[in-house]
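Okay everyone, thanks for coming. Let me put the sequence and the structure up on the screen, and then we'll walk through a couple of spots together.

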Amino acid sequence: MSLLKKLSRARWLSSLIFLIVLFTITGLVNPTFFTYSNILSAFNSSVVFTLLAVGISFVIMTGEIDVSIGATMGLAAAIAGTIAQRGGSVVEMLIYAVLLGLVVGAINGVGVAIIKVPSLIFTLGIMGIVRGFVYVYSDGRTVENFAGAFTNLGSKELFADITVYYSMVIVIVLVAHILLTRTRNGKNFIAVGDNIGGATLIGIPVVWTKISAYMLCGVFAAVAGVAFASKYGQVNIVAGSGYEMSAIAACVLGGVSLSGGLGSALGAAIGAVIMSSISRMLVFIGLSSDYDNTIKGIMLITIVVADALMHTRSVEKARRARLAARASNHNSAEVGSSDEE
Amino acid sequence: MAKGDNKKQLLRVEKIYKSFGSNLVLQGIDMELNEGEVLALIGGNGAGKSTLMKIIMGIYQSDKGDIYVNNKHVHLAKASSALAAGIYMVPQEPMLFPNMTVEENITMGFKGKQSELRNKIIELMSSIGWELDLDRNASSLSIAEQTLVEIIRGLLREAKILILDEPTSALTFDEVESFFKVVKDLRDKGIGIIYITHRLPEVFEIGTHVSIMCDGVITLNGPVSEFNREMLIQGLLPSNMEHKEKIDITVEAIDYKNVKPVFELKDFSGYGFNNISFNVYPGEILGLAGVVGAGRTELVRTIFGCDRTLSGTVILDGKDITGLKTNAVLKAGINLVPEDRHNHGLFKISSVCENITASMLDRKETGGLLLDKKVEQDIANKYVNDFRIKVTCNEQLAGSLSGGNQQKVVIGKSLSTKPKLVILDEPTRGIDAAARMDVYRIIHKLRSQGVAILLISSDLEEIVELADRSITVFNGSINAEFTREESIMDNLTKASFGIYKGKEANQ
């Protein structure tokens, strides 16, 4: 009973059902879609999106947004690319990526939580700056011709046809999920997004929580950049631009509320699989994959609008209930026995 | 029955001063709270109660003064240090996390093992006799339940000092009763409670001690048993009654028998108020008093079309304007000078001229397709001169004016549409004495021009001074009506706090 109750509260479950429905529809239109390898590669190919979506879900959970993740990812990918060119190790790439993510995230966090610039504007500015660094860093050229086994790393299969990368992602998602739902610090992210005034009153470090959300988000984006470089074997100067929209849409599809306080890393990961499968499913249905971005945009808007409507309605309902309770007080307390007609 | 020295002292504040800008909010507050006491803290709007509580909670810092907890001097720089010192505040509107369960809400930010905490919560709840499903979502709780969750939150932290800010304001009658039982239980357990309220009967029902704050000072203080209601009312009246000069304008009495009301409200109900009926006559100033949360603001917003009307009718000049949108209400001839001029009144980075003509841009006299700059200037000049607005030129940005002049600009904007009824919500809040006099002069001038005026004010003296007639709202309904002669501080204060027992108000 309590397990059922818990499951019904898990918003990621409905995202999973949505994913299954999408797969089923595609499979019904074109039965060749229903092969083991097709389904599996839908997961295997979602590595980059999953990392981005899980990272930004921390920020969205606190009620903010970060549109600089695409650029951060691009810069990390370019750096990883140049390291690969001279045959450097993945560990080295990851160290640079984590450092980059921490720095960009910390700047975003300070701008939003301490200086209190609206998060969309601040991270938009940072996005421009970081994207500029990509141009400067790679001299306007595509970083390619990687040495060694770097590009093969992503497609190496660990067990049951699941790639090394996706197995790593599964571990990361599970860790992030447990962090968010089971630990005290993880729950702070949700609390800050749910009711920032209430969080302050019970002594939660609101500013630090927001900054650390941005830092985590930056690290995830930068690590996604390393995965990106390895997956495609070359890094374009516009690598990752537009990915922020897909990551935000993935979160929203995965049940993370843009008003904050609701959602999970698991949901964001499922949303990412949906997002990265759309172009593949379009191909199987027989439509051009040019529709990819349009469909993503429509999905994002539809869900966000529905979410916003439900949110304002519940806030308004609560306000009215409160006011009504206040006014009805008089009738019972002061007039007492006299009945209303 | 004086409770005395054998009790352990929990909290003492000494000579607390706090000002916001030039506005002195707290002027040397002393307060003491011992074990097992319920200190009822009462005071009018803007008396400084919540500022004081926020200082004790570590949300604001005092400019001067000391706070002692358990006789130890403490420095409360943030909410978490106040929590660590054993202070917990239940805010007026419960601040729960709506998307979390009851249990998560209570244990949030708390260190300790989840399962132990859960047992502790269950123990706590049974010791004060409540049952609440810990797995329910907080968004499904009633206001009373939310308040209870807040209290358990405080108790789990082993708070010895509990601040309850108007906890009963959103509770129904039955809920209030069971809530009082809880408070009495806590009191018997030795917890010290600061109980902020607007309801005087509650002071006697639940308080052991009472403090009255007025304009940032404590005017009365001591065990409840030493006071009666009359004395509390006296304490609530401002001590220095002389400070406002009177303006000598002879007001003619209104001939109520032969004049038809221009504005009628019949059994008007909305969110936050019920069955309100009153009339306003041309050339009359009707004063509307009541404490914060009584429903004044909601009433005005609903008349003005910003919120939904539930039932009743609004008639302006013989026309039914019930439930119209703000734009239509404005066209029909009502205008509002809002309570909060910064957020709802003034266009700060527009010029004085643009502000004054802002409400009338769709009227023909300001030009056809393109706006006629000269007409705009003429209108602006008229109000600047009439109202004695101090500007360097009409192009000065409205945000750069002083508070009083800003308010005059907002009033000018409202009057430029030539309304039949003007609603003034707190027209003199936060402006200096000279500007106040100017605003009063403007109000009198409007009155003599035959405009109907609904004056809402927390400053009861203002209503005494200006209003031809006054009504008071208490808990969302009108509970008293006074003629000019009856509109004295004493009556208005009593009625605002819901203890006026004179003639019944019915119009």
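So, how many bridges join strand β4 of chain B to β5(B)? Three, and the two strands run antiparallel. Keep in mind that this is a predicted model.

Now zoom out to the whole sheet. It's an open one with four strands, in the order β2-β1-β4-β5 of chain B, and the pairing is antiparallel. At the edges you've got β2, residues 23-34, and β5, residues 72-74, each pairing on one side only. Going from one strand to the next, the twist averages 25 degrees. And there's a helix packing on this sheet: α1 of chain B, residues 49-56, touches β1, β2 and β4. Its direction makes about 120 degrees with that of β1(B).

Okay, over to chain A. Two packed helices are described by the angle between their axes and the distance between the axes. Here, α4, residues 47-61, and α12, residues 206-232, pack at about 175 degrees, with their axes 7 Å apart. Anything over 145 degrees counts as roughly antiparallel, so that's what α4(A) is relative to α12(A).

Who's touching whom? On the α4(A) side, the contact includes L51(A), L52(A), G55(A) and F58(A). Across from them in α12(A), you'll find, among others, Y214(A), F220(A), F228(A) and K231(A). And what kinds of residues make up that contact? They split into 19 nonpolar, one polar and one charged.

Definitions and conventions
Residues numbered from 1 in each chain as written. Chains lettered and ligands numbered in written order. Predicted model: local features only at pLDDT ≥ 70, side-chain atom pairs only at ≥ 80, totals over all residues. Axes fitted to C-alpha atoms, helices over the stretch in contact; angles between N-to-C directions. Parallel < 35°, antiparallel > 145°, perpendicular 65-115°, else oblique. Contact = placed C-beta atoms within 7 Å. Nonpolar A, V, L, I, M, F, W, Y, C, P; charged D, E, K, R; others polar. Pairing = 2+ DSSP bridges.
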